[in-house]
Amino acid sequence: MRLEAGRILVLGTGYVASAYLRALHYLGMRPRVLSRSWLDYTTEAELDQYLLHDRPQLVINAAGYSGQTIDDCESNKQETYSGLVALPRMLGSLCAHRGIWVIHVSSGCIFDGPGPYTEEDAPNNIGQFYSQCKIHAERELAETKARAWVFRIRMPFSHHRHPRNLLQKLAAYERILDGLNSVTFLDEFAMRSFHLVQKAPPGVYNAACSVPVHTAQVARMLFDAGIRRKVVELFPERDFLAAGHVRRSTTILDVSKFEKAYGAPFGDPLVSLKWCIDHFGVANSSKAVEPLPQ
């Protein structure tokens, strides 16, 4: 099926949803956007009525609760479960019934350990409520039999200021909890994942840059660029946990399945990170921005 302009629906208006909107507008697709302030898409009858009336070909689920950090999810479990598990399950059932394709944005944090983890590996990070919800969402969405593409992203970054942007977080933290992780250039991901659904079969795809990076390395790049004002000071994990934080996972994703289906490798994270740092926040000002690296 060829996706038609004007027949794509985006659930949510947050960080990931905004990246999809930028990509789709660039492609001239004119997506419709649902925010909960306009329609309560967590209510099955209301969402189903909208789908019946709007008749989208594809729904991109970039909604759900994540808070500022996963610590917030531990404190707001009901809201987290509702947004991260109940909503994808309901959306999958409705879209399966109406023959609508689904993009569901999941997370690589369902894994913990050196990796690299493939799509065939069983999730092993059950120490966070957030990751537990992401695991259950993938399983319950699959049970709906919806034609769904599930994309697992990890520590997303871009040049747009947002509280969930890895760069903005690392620029503000007093101390850095270091770890070797996969990271996802959000704008590259949004564009490529949209193209992928039109040429690759439904399923689960890991989506991140070609190689992992150390968190402290990114923080040093921000400091060198004058965005992070304080020199990089590491936060020992024992002190981090003693301060009441939820343990963070370290995860490296194998992205070869996505790259093979797409037909090209993901970009070098250091190149993408440098570009985003050089243009950080410019997209929200009146200054012109050079084209994104391909």
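Buried, in these notes, means under 20% relative accessible area, exposed means over 50%, and partly exposed lies in between (1.4 Å probe, protein chains only). I am working on a predicted model, where local features need pLDDT of at least 70 and side-chain atom pairs count only at pLDDT 80 or more, while totals for chains, interfaces and linings use all residues. Residues are numbered from 1 along each chain as its sequence is written, and side-chain values use heavy atoms, with hydrogens and water left out.

**Entry 1: I110**

I began with I110, which sits in the loop between β4 and α5. Helices (H or I, at least four residues) and strands (E, at least two) are DSSP runs, numbered from the N terminus. Is I110 buried or exposed? I110 has 0% relative accessibility, so it counts as buried. I then listed its contacts (heavy atoms within 4.5 Å). Leaving out residues up to four places away in sequence, I110 touches P123, N124, N125, S131, K134, I135, E138 and R152. I also checked T43, which is 67 residues from I110 along the chain; their C-alpha atoms are separated by 27 Å.

**Entry 2: the sheet**

Next I traced the strands, which pair if DSSP finds at least two bridges between them. I found an open sheet of 6 strands in the order β2-β1-β3-β4-β5-β9, with parallel pairing. Each of β2 and β9 (203–206) has a single partner strand and stands at an edge, so one side of each has no neighbour in the sheet. On average, neighbouring strands are turned by 20 degrees against each other, direction ignored. (Axes are lines fitted to C-alpha atoms, for helices over the stretch in contact, and angles run from 0 to 180 degrees between N-to-C directions.)

I looked at β1 in more detail. Parallel to β3, it is joined to that strand by 4 bridges, and L9 has V59 as its bridge partner there. With β2 (residues 32–34), β1 pairs in the parallel sense over 3 bridges; V10 has V33 as its bridge partner, and L11 stands opposite L34. Both faces of β1 are covered, with I8 and V10 buried on one side and L9 and L11 buried on the other.

Helix α4 (residues 77–98) lies across β1, β3 and β4, at about 175 degrees to β3. Helix α5 (residues 129–143) lies across β4, β5 and β9, at about 155 degrees to β4.

**Entry 3: the cores**

I looked up the nonpolar cores (sets of buried Ala, Val, Leu, Ile, Met, Phe, Trp, Tyr and Cys residues joined through side-chain atoms within 4.5 Å). The largest has 40 residues, and Y20, L58, I60, I103, F151 and F258 have the most contacts inside it. Elements that each supply at least two of its residues include β3 (58–61), β5 (148–153) and α10 (256–262). Which helix gives the most to this core? It is α1, with 8 residues.

I60 touches I8, L9, V10, L11, Y20, L24 and I103, not counting residues up to four places away in sequence. A second, separate core of 20 residues includes L9, L11, V59 and L91. I also checked α7, which is mostly covered, with 9 of its 11 residues buried.

**Entry 4: rings**

I counted 12 aromatic pairs. Rings of Phe, Tyr and Trp (its six-membered ring) pair if their centres lie within 6.5 Å; planes under 30 degrees apart count as stacked, over 60 as edge-to-face and the rest as tilted. F111 and Y117 are stacked, at 4.5 Å centre to centre and 10 degrees between the planes, and both residues are buried.

The F258 and Y262 rings have centres 6.3 Å apart and planes at 35 degrees, so this pair is tilted. Both residues lie in α10, 4 residues apart, about one turn of the helix. Ring pairs link Y20, F151, F189, Y205, F258, Y262 and F266 into a cluster.

Most residues other than glycine have a negative phi, and most peptide bonds are trans. P116 is in the loop between β4 and α5. R55 is not a glycine, yet has a positive phi of about 55 degrees; R55 lies in the loop between α2 (44–54) and β3 and is exposed, at 54% relative accessible area. M155, also not a glycine, has a positive phi of about 45 degrees. M155 is in the loop between β5 and β6 (156–157) and counts as partly exposed at 21% relative accessibility.
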